[in-house]
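User: I am new to reading protein models. Can you take me through this one, feature by feature?

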Amino acid sequence: MNGRIANIQKPLRELVAEHRKSFDPHNPRDYVDHYFCAQESRINEKGDVGTFTDDQLIRNLSDLYVAGFETTTTFLRWAMVYMIFNPEVQTKVQAEVDWAVVSSRWSAVADQSKMPHSTAVINEVTRITYFVPFGVPHCTTEDVPFKGYTIPKGTEVWPLLCQHFVSPAVWGDADVFRPERFLDEKGQVIQSLADEVQPFSVGRRACLGEPLAKMEVFIFFTAIMQHFTLSSRTTPSREPALASVLAPKPFKVTVTPPC
Ligand code: HEM
């Protein structure tokens with residue numbers, strides 16, 4: 001584990017060193033530069049960096065990288081698996097992308113309002129795979145009354161996000177991959193139902209990267225559909241491999257230009 005963390009941190013340390021060389025406090029370019037600015041303010045006010053150390057910066061960057069990379073790439077791998085299993089859904093997404101996006105450019109977030117079917121597919125892949133099943137554990141800071149019980153102060157609490165995603169009471173045929181469940185009779189997304197899919201959790205500590213993640217999965221998924229048709233000579237497994245997230249087991253995919 002320590003070796004893997006060191007592997008992630010090595011390029012981040014190089015990136016921070018590069019930033020340090022070209023840092024201009026009047027023109028911060030990104031998160032790293034803003035962190036340097038915070039370090040400088042703290043030194044000016046209190047004479048030291050306090051908790052704004054370079055090591056802390058590397059840890060913050062690793063957190064963003066791990067939390068942001070593993071999750072979004074896992075979504076994309078599941079989306080590929082479900083497109084392989086559901087070629088008719090894939091064809092519909094491709095038709096919608098072709099219609100909504102001028103072929104010479106990549107799809108953009110602004111296109112999403114014209115692409116309800118693709119949005120429904122993204123919602124359904126997220127729902128049925130519930131690849132972040134438990135969220136992140138939290139700890140009660142005081143006794144919490146809950147439905148007639150008391151959760152004592154200091155209890156570790158794991159939110160079971162996936163429970164809602166597969167509840168027949170909410171979805172009916174919850175085990176079935178059916179993106180149309182998110183569309184009304186005019187083919188528009190039923191927002192109240194889409195809002196039931198909250199893979200980012202809720203509350204003050206909900207996922208920091210939610211807006212970015214939503215943009216990423218939409219842009220990458222629709223760009224893949226715009227440029228490729230996915231199939232496989234073998235049958236991918238729908239059973240997840242248990243890791244930090246529920247990821248698909250390795251599978252083979254044949255990638256061809258769309259007809
Ligand atoms: C589809 C993609 C993603 C999913 C499903 C997801 C899901 C989650 C969940 C369930 C949590 C726990 C929330 C809680 O504790 O209540 C979380 C936390 C977090 N996520 Fe994401 N995430 C995704 C993408 C990202 C991205 C792209 C970033 C940043 C680049 C990111 C950064 C974080 C951070 C920093 C936290 C901790 C927030 C805190 O404790 O205050 N995530 N995410």
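User: How many helices and strands does the protein have?

Analyst: This is a predicted model. Its secondary structure comes to 9 helices and 8 strands.

User: What box do the C-alpha atoms fill?

Analyst: Along the principal axes, the box is roughly 65 × 55 × 35 Å. Of the 259 residues, 20% are buried.

User: How do I read contacts along the chain?

Analyst: Look at separation in sequence. Take the contacts with a separation of 6 or more: residues 24 or more positions apart account for 63% of them.

User: Which residues have the most contacts inside the largest nonpolar core?

Analyst: Start with the general idea. In soluble globular proteins, nonpolar side chains tend to be buried together. Here the largest nonpolar core has 27 residues. W78, A79, Y82, M83, V121 and V125 have the most contacts inside it. At least two core residues come from each of α3 (54–85), α4 (87–100), α5 (116–129) and α9 (210–227). The top contributor is α3, with 8 residues.

User: Which residues does A79 touch, beyond its neighbours within four places in sequence?

Analyst: A79 is in contact with V125 and F221.

User: Why does the length of α3 make sense?

Analyst: Count 1.5 Å a residue. The 32 residues of α3 should then span 46 Å, and its end C-alpha atoms are 46 Å apart, so the two agree.

User: Which residues of α3 are buried?

Analyst: First, the general idea. An α-helix has 3.6 residues a turn, so residues three or four places apart point the same way. Now the case here. The buried residues of α3 include L57, L61, T71, T74, F75 and W78. M80, V81 and I84 are also among them.

Key
Residues numbered from 1 in each chain as written. Predicted model: local features only at pLDDT ≥ 70, side-chain atom pairs only at ≥ 80, totals over all residues. Helix = DSSP H or I, 4+ residues; strand = E, 2+ residues; numbered from the N terminus. Buried ≥ 20, exposed ≤ 12 C-beta atoms within 10 Å, placed from the backbone. Contact = placed C-beta atoms within 7 Å. Core = buried A, V, L, I, M, F, W, Y, C linked by C-beta atoms within 7 Å. Expected span 1.5 Å × (residues − 1).
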